[in-house]
Amino acid sequence: QVHMVESGGGLVHPGGSLRLSCTASGSGSSPVAIGWYRQTPGNERVLIAVLTKEDSFAYEDSVKGRFTASRDNAKKDTVYLQMDGLKPEDTGTYYCNVLRNGHTLYAWGQGTQVTVSS
């Protein structure tokens, strides 16, 4: 059974940086496609970044140039989301999930809270 585990969130000032981690525990040693999502209260999760199995990536317009997804070369089930130039509108709970054909595969983890505030 695969469990999604997110970590690395916190409180930062505008312009600050965070690096989020996502582990698809139990997914095996082969690279998987991962989607990063952000959810704010009262809203659905929004896909903001995708890292494919081949390590190509795509980003939602609001985070392009500021967020970078990458994979841990030693642990293929772990990916990161480097978040630079954070803005208050980046505040939310961040989740990740394994993607296949554009669909999430597993139950959501607990997410990690990111708060950008002065």
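Strands β7 and β8 (residues 78-83) run antiparallel and are joined by 5 bridges, and in this predicted model a hairpin of 6 residues connects the two. Both strands belong to an open sheet of 4 strands, whose order is β1-β3-β8-β7 and whose pairing is antiparallel. Because β1 (3-7) and β7 stand at the edges of this sheet with a single partner strand each, one side of each is left without a neighbour in the sheet. Averaged over the sheet and with direction ignored, neighbouring strands are turned by 15° against each other.

- Strand β4 (residues 33-39) and strand β5 (residues 46-51) run antiparallel and are joined by 5 bridges, with I34 having L51 in β5 as its bridge partner.
- The hairpin formed by β4 and β5 has 6 residues between the strands, and G42 in its turn has a positive phi of about 85°.
- Strand β5 also pairs in the antiparallel sense with strand β6 (residues 57-59), here over 3 bridges, and A49 stands opposite Y59 in β6.
- Between β5 and β6, which likewise form a hairpin, there are 5 residues, and D55 in that turn has a positive phi of about 65°.

**The largest pocket**

- The largest pocket has a computed volume of about 210 Å³, and of the 13 residues that line this pocket, V32, A33, K53, L99 and R100 are the closest to its centre.
- Strand β9 (residues 92-100) contributes the largest share of the lining, namely 3 residues.
- Sorted by class, the lining of the largest pocket consists of 7 nonpolar, 4 polar and 2 charged residues.

How values were computed. Residues are numbered from 1 along each chain as its sequence is written. This is a predicted model: local features need pLDDT of at least 70, side-chain atom pairs count only at pLDDT 80 or more; totals for chains, interfaces and linings use all residues. Side-chain values use heavy atoms; hydrogens and water are left out. Two strands pair if DSSP finds at least two bridges between them. Axes are lines fitted to C-alpha atoms, for helices over the stretch in contact, and angles run from 0 to 180 degrees between N-to-C directions. On a 1 Å grid over the protein atoms alone, a cavity is a set of points where a 1.4 Å probe fits but cannot get out, and a pocket is an open set with protein on both sides within 12 Å along at least five of seven lines; lining residues have an atom within 4 Å of a point. Grid points are joined across faces, edges and corners, and a volume is the space filled by probe spheres set on the points. Ala, Val, Leu, Ile, Met, Phe, Trp, Tyr, Cys and Pro count as nonpolar, Asp, Glu, Lys and Arg as charged, and the others, Gly among them, as polar.
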